[in-house]
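Have the viewer open as you read.

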Amino acid sequence: TMLQTLIKSRKNARFIKPRRAYCQSNKLERIKYENPLTGRYCGKDMNYLWSPQFKFSTWRKLWIALATAQKEGGLSVTQSQIDQMKKNQDNINFSDAEAYEKKFRHDVMSHIHAFGDQVLAEIIDSLKLCC
């Protein structure tokens, strides 16, 4: 990437590979956004708003809203499926999502499949049509 090229080109600079925040192994670290400036300039609440946990929970809220709209529109989505999605809204399995991302190389699809492992697969098939 451009960042890696810039770092390599600087005289006497060491090669630093940027890390993706949600690829960390420690689950507690996923409630914080990782950036060198956040410790200095960012409060705890603001940091959480940019965290992987908040980001992917928000995605799941959108998918639940989509499933609810599909149910109201007459598609074959049941209330029990929506309830199961709501139950697992904040229970994000990051390790499964990381494995799916290696397979699909697409963050949204990886999290849809990881969410599908937690809820009924039929509802996830209708979500995949929208992405």
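1. A definition to start with: rings of Phe, Tyr and Trp (for Trp, its six-membered ring) count as a pair if their centres lie within 6.5 Å. With that in hand, look at the cluster in this predicted model: ring pairs join Phe56, Trp59, Trp63, Phe94 and Phe115. A search of the whole structure turns up six aromatic pairs.

2. Let's take the pairs around Phe56. In general, an α-helix has 3.6 residues a turn, so residues three or four places apart point the same way.

3. Phe56 has another partner. Phe56 and Phe94 also pair edge-to-face, at 6.0 Å centre to centre and 65° between the planes. This pair ties together distant parts of the chain, since Phe56 belongs to helix α4 and Phe94 to helix α6, 38 residues apart. Phe94 counts as buried too, with 3% relative accessibility.

4. Now zoom out to the fold. The protein has eight helices and zero strands, so read along the sequence the pattern is simply α-α-α-α-α-α-α-α. Of its 131 residues, 34% count as buried. Among contacts with a separation of 6 or more, 49% are between residues 24 or more positions apart. The protein exposes about 9100 Å², and carbon and sulfur atoms supply 56% of that.

5. Which residues of the largest nonpolar core touch the most other members? The core has 14 residues, and the answer is Phe56, Trp63, Ala67, Ile82, Met85 and Phe115. Helices α4, α5 (79-87) and α7 each put in at least two residues, and the largest share, five residues, is from α4. As background, nonpolar side chains tend to be buried together in soluble globular proteins.

6. Helix α6 (residues 94-104) is worth a look down its axis. Its buried residues are Phe94, Ala97, Tyr100 and Glu101.

7. Arg105 lies in the loop between α6 and α7 and is exposed, with a relative accessible area of 72%.

8. Another loop residue gives a contrasting picture. Val119 is in the loop between α7 (107-118) and α8 (121-128), and Val119 is buried, with a relative accessible area of 6%. Val119 and Ile82 are 37 residues apart in sequence, while their C-alpha atoms are 9.1 Å apart in space. Ile82 is one of the core residues named in point 5.

9. Finally, how far should we trust the model? The mean pLDDT of the protein is 77, and 69% of the residues reach 70 or more. Which helices have the lowest and highest confidence? Helix α1 (residues 2-9) is lowest, at a mean of 51, and α6 is highest, at 93. Over residues 10-25 the pLDDT is below 50, and this stretch has 27 contacts in the model beyond near neighbours in sequence. Where pLDDT is low, the predicted coordinates should not be read in detail.

Technical notes: Residues are numbered from 1 along each chain as its sequence is written. This is a predicted model: local features need pLDDT of at least 70, side-chain atom pairs count only at pLDDT 80 or more; totals for chains, interfaces and linings use all residues. Side-chain values use heavy atoms; hydrogens and water are left out. Helices (H or I, at least four residues) and strands (E, at least two) are DSSP runs, numbered from the N terminus. Buried means under 20% relative accessible area, exposed over 50%, partly exposed in between (1.4 Å probe, protein chains only). Contact means heavy atoms within 4.5 Å. Accessible areas come from the Shrake-Rupley method with a 1.4 Å probe; for residues, only the protein chains shown count as cover. Rings of Phe, Tyr and Trp (its six-membered ring) pair if their centres lie within 6.5 Å; planes under 30 degrees apart count as stacked, over 60 as edge-to-face and the rest as tilted. A nonpolar core is a set of buried Ala, Val, Leu, Ile, Met, Phe, Trp, Tyr and Cys residues joined through side-chain atoms within 4.5 Å. pLDDT is the predictor's confidence in each residue, from 0 to 100.
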